[in-house]
Amino acid sequence: MTLPAGRVRPVVRAPDAILSTRCDEVDPRSPSVAQLAADLLATQAVSPGCVGLAANQVGVAARVFSVDVSVHPKTRASHGAFVLVNPRIDEASRNEKGREGCMSVPDLTGDVKRATRLVVVGYAPGTGVEVVITTDAFEARAIQHEIDHIDGLIFIDRVAGAHALFPRRRYL
Amino acid sequence: MPQLAITVLGHDRPGIIAAVTSALAEHGGNIEDSSMTLLRGHFAMTLIVSTEASSSEIERVLVERLPVDLLVAVRAVPPELDSGPVGDAYVVTVHGGDRAGIVAGVTQVLADVGGNITDLTTRLTGSLYVVVAEVELPSSVDVPALSDALTARAHELGVEATLRPAETDVL
């Protein structure tokens, strides 16, 4: 099933309360979820350096996120641009610390420990087909970052310590 | 050897550290510990220095050497023994809309249970205020209850708080 045409949506920034809201499960087959999925992919595609986007980052408290790490240099496994609905982590292992940023926290980055081997299960928007993604490295990090979002957490909630938060360098 | 606590603070420019530390070195000062960082355009140095020179002598030398607008303070301090940790290490994160009283409100909850903050950083970007604190909690602390108390206090302040164990990897 193909998704409808996506619209670029504005991305909310911390301290917006929706970023601290645990999002609700939704019906992956509903047309509104298919539209949301298309909008996430469209918004991510026009945002430089954006490797993932959660529904509450565009103002919708639904357990839906998009990821696309395919052009990132830290990527090993990549499943291209995709959206998962109602995801759950089945296996997570081999934690490593890495630097993360976020479109909703544009001026800071932080060191966060994440599993580098990950199995995540969710549903495809539109068809509702169950999807199992086994991945590693940067895609695993991006997926965990997005699942944190829909649990109401941002990377700042997981920074490793008082010296693990940094101003984001801007080269523009 | 006697120890001095030295603070230097003022408008940032190249050469502050070089000027301070060369003056200290010439007077036999050994920097035992330090924190030097930029705070909203002000460069701030805090040093513990062991030296036989007196606090008044070091202060006089620094004031002579440094640009007049820098604040310099030198005090003799008793040597502190490195005490072991008082308990388990945790990280507290707070983020939300900027307002007065966030650090005070959250750190009081930690102080009330005997938590000892060993490091704390704050950041303000736009309207987002962030606090990350490393805290040692006595083993008698009821950690889930403390987590609930932090969340309740944070919500009174309109912010979010997270308490979790610090992960210390020894390689």
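Predicted model: local features only at pLDDT ≥ 70, side-chain atom pairs only at ≥ 80, totals over all residues.
Chain A contains 2 helices and 6 strands. Read from the N terminus, its elements follow the order α-β-β-β-β-β-α-β. The C-alpha trace of chain A extends over about 45 × 30 × 30 Å along its principal axes.

Chain B contains 4 helices and 8 strands. Its elements, again from the N terminus, run β-α-β-β-α-β-β-α-β-β-α-β. The C-alpha trace spans about 50 × 40 × 30 Å along the principal axes of chain B. The radius of gyration of chain B is 20 Å, whereas a compact globule of 171 residues would have a value near 16 Å. Buried residues account for 27% of the 171 residues of chain B. Among its contacts between residues at least 6 apart in sequence, 69% link residues at least 24 apart.

Two helix pairs in chain B were described in detail. In one pair, helix α1 (residues 16-26) of chain B packs with helix α2 (residues 55-65) of chain B at an angle of about 145°, and their axes are 10 Å apart. The crossing of α1(B) and α2(B) is right-handed. On the side of α1(B), the contact is made by A19(B), V20(B) and A23(B), and on the side of α2(B) by V61(B), L62(B) and R65(B). By class, the residues of this contact are 5 nonpolar, no polar and 1 charged.

The other pair is formed by helix α3 (residues 102-112) of chain B and helix α4 (residues 143-156) of chain B, whose axes come within 10 Å and cross at roughly 160°. Because angles over 145 degrees count as roughly antiparallel, α3(B) is roughly antiparallel to α4(B). The crossing of α3(B) and α4(B) is right-handed. The residues that make the contact are G105(B), V106(B) and V109(B) from α3(B), together with A149(B), L150(B), R153(B) and A154(B) from α4(B). They divide into 5 nonpolar, 1 polar and 1 charged residues.

Between the two chains, 21 residues of chain B are in contact with 15 residues of chain A. On the side of chain B that touches chain A, at least two residues each come from β5 (88-97), β6 (116-125), β7 (128-137) and β8 (159-165) of chain B. The residues on this side of chain B comprise 7 nonpolar, 9 polar and 5 charged.

T125(B) gives an example of a residue in contact with the other chain. T125(B) belongs to strand β6 of chain B. With its neighbours within four places in sequence left aside, T125(B) is in contact with D107(A) and L108(A). T125(B) has 16 other C-beta atoms within 10 Å, so it is partly exposed. From C-alpha to C-alpha, T125(B) lies 26 Å from S34(B), and the two are 91 residues apart in sequence.

Chain A also holds some backbone exceptions. Most residues other than glycine have a negative phi, and most peptide bonds are trans. The peptide bond from A14(A) to P15(A) is cis, with omega near 10°. P15(A) is placed in the segment before α1 (31-45) of chain A.

N86(A) is not a glycine, yet its phi is positive, at about 50°. This residue is in strand β3 (residues 82-102) of chain A. N86(A) counts as buried because it has 20 C-beta neighbours inside 10 Å, and the cut-off for a buried residue is 20 or more. R94(A), which is not a glycine, has a positive phi of about 60°. R94(A) is likewise found in strand β3 of chain A. With 12 C-beta neighbours inside 10 Å, R94(A) counts as exposed, since the cut-off for an exposed residue is 12 or fewer.

Note on methods: Residues numbered from 1 in each chain as written. Chains lettered and ligands numbered in written order. Rg over C-alpha atoms; globule rule 2.2 N^0.38 Å. Contact = placed C-beta atoms within 7 Å. Axes fitted to C-alpha atoms, helices over the stretch in contact; angles between N-to-C directions. Parallel < 35°, antiparallel > 145°, perpendicular 65-115°, else oblique. Left-handed = near helix turned anticlockwise from the far one by under 90°. Nonpolar A, V, L, I, M, F, W, Y, C, P; charged D, E, K, R; others polar.
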